[in-house]
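Here is a short report on salt bridges and helix packing. Please look over the sequence and the structure first.

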Amino acid sequence: MTDVTATSLGMPQLPAPDYPADVRARLEADAQEVIARYPDSRSALLPLLHLVQSEEGHVSRTGMRFCAEMLELTTAEVTAVATFYTMYRRKPSGDYQVGVCTNTLCAVMGGDAIFEELKEHLGVGNNETTEDGKVTLEHIECNAACDFAPVVMVNWEFFDNQTPQTAKKLVDDLRAGKQVSPTRGAPLCTYKETARILAGFPDERPGVVEASGGAGPASLIGLRLARGEAAPARVVHPRGEAPRDTPPHEPPPGEHLSSHDAPQQTSASDPDHPAGPVAEEGE
């Protein structure tokens, strides 16, 4: 009887197989380095799950068995954590995890349209991987970058102010092996490489430490007010309406414009997916 049949009948699975000896030895050495950072070994579970994910591209039953043995936990305890967090993949996934934010602001700014067009363009559904193993597509509830909506993330790096057209070009370039640069943040690496970095190991690629990205001006206004700084006067006109007397916001050098710095043209300007009414409330 296969494992799949046994599971469907509610019968217990056989114990997960172990890693090959050479892989096990390498992972044990890395795991010991991670565990040594914590006064309580079980606190190392999250980075260890990233570590095994960096080996296989997802958290397998073998990976969960390894974490349990290294931390003297039960596999049930490890499974409870691995299935709680969506950052741990439960099945093989692509080299590039493409997450489209479909939460409220990104959705109304065009995120829903981007997600639907990418599903059709790639021929996959939510949390599915293209046949070439390059791209896994998923919708994400929030990328914590609302002032750059709609946002797409690739292996947790930001691609801001996207449109259906730019998103399709992005995934095409990823599948073709072309160099793709995030809007801000470190250069892209594969999902396995990202998982190893999240496990706490240094990214040794040249220039990645210097690469940085931060929140946009709209996100930082609250921080500036808390520090007692005066917030700049901002006039945001209804989308599609030209400014009357106030000049457009001119960012200082190095400041990345957000999609709310009118009169920017963003993905919501797509006529097939309007962002909403352009008239003032009550008109």
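In which helix do R24 and E28 both lie, and how many residues apart? They lie in helix α2, four residues apart, about one turn of the helix. Helices are DSSP runs of H or I with at least four residues, and strands are E runs with at least two, numbered from the N terminus.

This is a predicted model: local features need pLDDT of at least 70, side-chain atom pairs count only at pLDDT 80 or more, and totals for chains, interfaces and linings use all residues. Residues are numbered from 1 along each chain as its sequence is written, and side-chain values use heavy atoms, without hydrogens and water.

**Salt bridges**

A salt bridge puts a side-chain nitrogen of Lys or Arg within 4 Å of a carboxyl oxygen of Asp or Glu. The count comes to 17 salt bridges. Three of them follow.

| Pair | Closest N and O atoms |
|---|---|
| R24 and E28 | 2.7 Å |
| E69 and R65 | 2.9 Å |

Shared partners join D18, R24, E28, R65 and E69 into one network.

R24 counts as buried at 14% relative accessibility. E28 is partly exposed at 30%. Buried means under 20% relative accessible area, exposed over 50%, and partly exposed in between (1.4 Å probe, protein chains only).

**Helix pairs**

E69 and R65 both lie in helix α4. Helix α2 (residues 21-35) and helix α4 (residues 61-71) pack with their axes 11 Å apart.

Terms used
Axes are lines fitted to C-alpha atoms, for helices over the stretch in contact, and angles run from 0 to 180 degrees between N-to-C directions.
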